[in-house]
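Q: I have a structure open and would like to go through it with you. Could we start with how the helices pack and then turn to single residues?

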Amino acid sequence: MNIQAPAPVAVAPVESAPVAPPMNPRTRLLLQAPILPTLLRMAWPNVIIMFAQAATGLIETFWVGRLGTDALAGVALVFPGVMLMQMISAGALGGGISSAIARALGGGRRDEADALVLHAIVINILLGACFAGAVLIFGRPLYAAMGGEGASLEAALTYSNVVFSGNVLLWVMNGLASVIRGTGNMLVPALVICVGALALVPLSPLLIFGFGPIPPMGIAGGAIALVLFYVGGTCVLGWYVLSGRNIAHFRLAPLRWPLAREILRVGAVAAVSSIQTNLTIAMTTALAGMAAGPQAVAGFGTAARLEYLLVPLVFGLGGPLVALVGTNVGAGQRERALRVAWVGAAIAGLLCEIIGVSAALAPQAWLGLFGDDAQMIAVGSAYLRAVGPFYGFFGFGLALYFASQGAGRLLWPLLVGLTRMLVAIGGGWVVLKLTGSLAWMFLAVGLALLTYGVGLGIAVWMRVWFRKPSARSPRAA
């Protein structure tokens with residue numbers, strides 16, 4: 001009997017499943033390490049970096065104050081716009097960049113994180129140029145509407161024209177820093193910007209007052225020093241990213257709207273929140289100017305700078321909050337993301353309340369750094385006594401705002417910020433009309449901060465981040 005061997009059966013080759021790239025140890029730390037030690041370890045370099053950036057404006061104000069009250073008032077008029085650029089490029093759009101990269105890395109999408117780097121740089125260049133053009137064209141009517149007149153208005157224009165000529169550099173510098181922070185690396189941006197801020201200590205007075213062959217440039221010298229700081233920071237951070245040392249790498253690739261939208265859907269809404277904050281201070285500055293003149297503008301603006309200083313302090317925690325919350329939301333760890341938010345908000349609220357109460361008890365310790373004009377000191381002291389005790393609510397709410405950036409959900413922060421603006425500006429205008437008292441107007445500003453902190457706390461407690469499923473992030477081709 002002939003037994004034939006069975007015909008061979010063709011077996012289709014089995015395709016092996018794609019192997020996900022190994023998780024970077026830094027990303028694993030964001031997902032698994034204890035929350036409080038991790039947050040503090042990430043926050044301290046970021047607190048330093050934001051204090052350094054805030055110090056760049058304070059250093060100039062210190063030296064410009066030696067040029068007289070008109071120069072001080074001029075810088076006070078421009079400062080809300082400069083801080084608006086800082087807050088949008090670093091905190092708002094920067095938060096959108098960091099959030100998008102953190103969520104991509106948390107979800108294991110390394111190619112998407114790399115592609116987001118190019119999109120972040122292009123978006124920052126375009127927006128920086130648009131804002132610069134608007135201020136350079138409409139600066140005079142803007143500062144006049146804020147209460148600038150005569151010598152103070154001319155000083156504002158001189159300072160503004162130089163600073164906003166270098167506005168694109170500020171945006172690119174902060175965009176690169178946000179790319180790095182989105183990976184959980186807070187130390188490199190901190191080192192770069194701190195070194196730049198230290199360089200301003202001798203550079204600002206050198207250009208303002210002159211020395212040897214360098215002629216005195218007055219208020220324009222301080223602005224030039226600030227632009228030089230932007231140049232140096234952009235060059236060093238750009239080198240770090242382009243050299244491949246960052247987890248998210250720079251790669252040339254076609255620009256795609258889904259990836260730009262992933263940045264803008266968080267960054268654009270956050271930018272509106274930053275505009276609300278700065279518009280609130282700008283409009284209340286204008287109210288003070290209409291009520292009591294340029295000296296009141298100088299006093300109010302100098303006192304309000306302490307509130308601006310709280311923004312970088314909280315952003316020191318906010319940068320890590322964006323990375324931590326974003327990475328955990330991207331990985332589906334919702335409860336851990338919420339715990340991160342509450343821990344960060346509690347720390348920020350406590351720190352800001354300590355500063356606010358201290359300023360209310362001893363306002364001249366702050367105001368005396370920038371001048372000795374009696375009316376400036378009186379107006380600034382009244383502001384700090386009324387508003388300082390509410391700073392804790394501001395810090396608490398602002399930390400939850402940054403955490404909401406990380407979650408990619410900013411509708412409630414936007415609505416609460418709008419409420420704050422209406423209470424401060426509308427309420428301040430009403431009480432000023434009824435009483436003519438700046439002290440009552442300042443109380444309205446304080447109550448607006450209370451509204452901000454309580455409103456955001458309620459929103460996060462109600463788990464608004466998870467009311468609707470988040471749209472899936474676009475995947476890189």
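**Helix packing and selected residues**

A: Helix 11 and helix 14 meet in a right-handed crossing. Please keep in mind that this is a predicted model.

Q: At what angle do helix 11 and helix 14 pack, and how far apart are their axes?
A: The angle between helix 11 (residues 334-361) and helix 14 (residues 391-407) is about 150 degrees, and their axes are 7 Å apart. Helix 11 is therefore roughly antiparallel to helix 14, since angles over 145 degrees count as such.

Q: Which residues of helix 11 and helix 14 meet?
A: On the helix 11 side they include A341, W342, G344, A345, A346, A348 and G349. Their counterparts in helix 14 include Y391, G392, G395, F396 and A399.

Q: And helix 14 with helix 16: how close do the axes come, and at what angle do they cross?
A: The axes come within 7 Å, and helix 14 crosses helix 16 (residues 438-461) at roughly 40 degrees. Helix 14 is therefore oblique to helix 16. Residues of helix 14 in this contact include Y391, F393, F394, F396 and G397, and those of helix 16 include L449, L450, Y452 and G453.

Q: Is that crossing of helix 14 and helix 16 left-handed or right-handed?
A: The crossing of helix 14 and helix 16 is left-handed.

Q: What comes just after helix 14?
A: G408 does, and this residue takes a positive phi of about 75 degrees.

Q: Which residue has a positive phi although it is not a glycine?
A: R463 has a positive phi of about 60 degrees without being a glycine. R463 is placed in the segment after helix 16. With a relative accessible area of 34%, R463 is partly exposed.

Q: Let us change topic to the core. How many residues are in the largest nonpolar core?
A: The largest nonpolar core has 143 residues, and those with the most contacts inside it are Y143, Y383 and W465.

Q: What is Y383 in contact with, leaving aside its neighbours within four places in sequence?
A: With those neighbours set aside, the contacts of Y383 are F300, A303, A304, E307, G388, Y391, F442 and V445. Y383 is also among the buried residues of helix 13, which include M376, I377, V379 and G380.

Q: What span should helix 13 have?
A: Helix 13 (residues 374-387) has 14 residues and should span 20 Å at 1.5 Å a residue. Its end C-alpha atoms are 20 Å apart, which agrees.

Q: Back to packing for a moment. How do helix 3 and helix 4 pack?
A: Helix 3 (residues 69-106) and helix 4 (residues 110-145) pack at about 165 degrees, with axes 10 Å apart. The two helices are therefore roughly antiparallel to each other, and their crossing is right-handed. The contact includes L77, V78, M85 and I88 of helix 3, and R110, E112, A113 and Y143 of helix 4.

Q: Next, S273: buried or exposed?
A: S273 counts as buried, at 8% relative accessibility. S273 has its place in helix 9. Apart from neighbours within four places in sequence, S273 is in contact with Y401, P413 and L414. The C-alpha atoms of S273 and P413 are separated by 7.4 Å, although these residues are 140 residues apart along the chain.

Q: Where does A268 lie?
A: A268 lies in helix 9 (residues 257-292). A268 counts as partly exposed, at 38% relative accessibility. A268 and G95 are 173 residues apart in sequence, and their C-alpha atoms are 10.0 Å apart in space.

Q: And where does I458 lie?
A: I458 lies in helix 16 and is partly exposed, with a relative accessible area of 45%.

Q: Finally, how many helices and strands does the protein have?
A: The protein has 16 helices and 0 strands. Of its 477 residues, 57% count as buried. Among contacts with a separation of 6 or more, 85% are between residues 24 or more positions apart.

Key. Residues are numbered from 1 along each chain as its sequence is written. This is a predicted model: local features need pLDDT of at least 70, side-chain atom pairs count only at pLDDT 80 or more; totals for chains, interfaces and linings use all residues. Side-chain values use heavy atoms; hydrogens and water are left out. Helices (H or I, at least four residues) and strands (E, at least two) are DSSP runs, numbered from the N terminus. The expected span of a helix is 1.5 Å times one less than its number of residues. Buried means under 20% relative accessible area, exposed over 50%, partly exposed in between (1.4 Å probe, protein chains only). A nonpolar core is a set of buried Ala, Val, Leu, Ile, Met, Phe, Trp, Tyr and Cys residues joined through side-chain atoms within 4.5 Å. Contact means heavy atoms within 4.5 Å. Axes are lines fitted to C-alpha atoms, for helices over the stretch in contact, and angles run from 0 to 180 degrees between N-to-C directions. Angles under 35 degrees count as roughly parallel, over 145 as roughly antiparallel, 65 to 115 as roughly perpendicular and the rest as oblique. A crossing is left-handed if the near helix is turned anticlockwise from the far one by less than a right angle, and right-handed if clockwise.
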